[in-house]
Amino acid sequence: MEIMSPQNTRVKEWAGLQEKKHRDKARKYIVEGVHLVQEALLAEADVECLAYDLDKGMPAELKGLLQSVQGMDVIGVTAAIISKCSSTNTPQPVFAIVRKEQQAVEAILAKKDSLVVVLDGVQDPGNVGTIIRSADAAGADGVILGQGCADLYNPKTIRSTMGSMFHLPVVEGDLSEILPQARERGALLVSTSLQGEESCYQHDFHGSQWLLIGSEGKGISPETARLVDKSIIIPMAGRAESLNAAMAATILLFEGMRQREA
């Protein structure tokens, strides 16, 4: 199948997925570039269609994967269409339209001795995506995005995950409902604070641990703070006032991984 006109109805729908309101209405999102499309296919995400630049041809990395995917349209398009649907100044030669799949928080809650990252009001898409990537790298069991966080399906968030969003559960939900359930299942709710009780290197990361990360400017919300069991501090020897959310989360995740694997 080929589409040559940027004015095609389907192309307009694809381009609209750059905006959250259209993603929410269609229950779909766009994934750009060979690596991310490859990760989506390998993870058996619900890919509706794959579009590639006719002039450049199908990327070699994807050819072998197409045979195993059922019910996916493969569509050759022009460079103008690629550009219209891209969120970057230098568009990649391929993109995929993926249907949103409902991630159930129960799968995370039911996990024994879980290591989970909970984001509360982290608005920067790059930080959210990087934290998901770090959680994946550290072997975490899931990521929870509370209200006020950047949209998981924002193209910047997706790019920053580098495909990790397809490797572990990432759930958007109401922390006031989810966190009490986690505590009832035995999870320790841990946040970072300059007034923390002990260093993150003294804290025992064994057992079920849910790490709460707030925005750089405000930290976690007062409502979430009331649910916290323990606050810890990331010690710093230099003069920096604080770390950004992604850096703080990464330090905690890898200290947790180190202790739990020891």
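Me: Hi! How many residues of domain 1 are in contact with domain 2?
Reply: Hi! 15 residues of domain 1 are in contact with 11 residues of domain 2, where contact means heavy atoms within 4.5 Å. This is a predicted model, where local features need pLDDT of at least 70 and side-chain atom pairs count only at pLDDT 80 or more, while totals for chains, interfaces and linings use all residues. Residues are numbered from 1 along each chain as its sequence is written, and side-chain values use heavy atoms, leaving out hydrogens and water.

Me: Thanks! Where do the two domains run?
Reply: Domain 1 covers 1–97 and domain 2 covers 103–259; the bounds come from an automatic or database domain assignment.

Me: And how far apart are their C-alpha centres?
Reply: Those of domain 1 and domain 2 lie 31 Å apart.

Me: Which residue forms a salt bridge with Asp151?
Reply: That's Arg23, and the closest N and O atoms are 2.7 Å apart. A salt bridge here is a side-chain nitrogen of Lys or Arg within 4 Å of a carboxyl oxygen of Asp or Glu. The rule finds 1 salt bridge across the interface of domain 1 and domain 2.

Me: New topic, helices! At what angle do α7 and α11 pack?
Reply: Helix α7 (residues 125–137) and helix α11 (residues 245–261) pack at about 10 degrees, with axes 9 Å apart. Therefore α7 is roughly parallel to α11, a label for angles under 35 degrees. Axes are lines fitted to C-alpha atoms over the stretch in contact, and angles run from 0 to 180 degrees between N-to-C directions. Helices are DSSP runs (H or I, at least four residues), numbered from the N terminus.

Conventions:
Helix = DSSP H or I, 4+ residues; strand = E, 2+ residues; numbered from the N terminus. Parallel < 35°, antiparallel > 145°, perpendicular 65-115°, else oblique.
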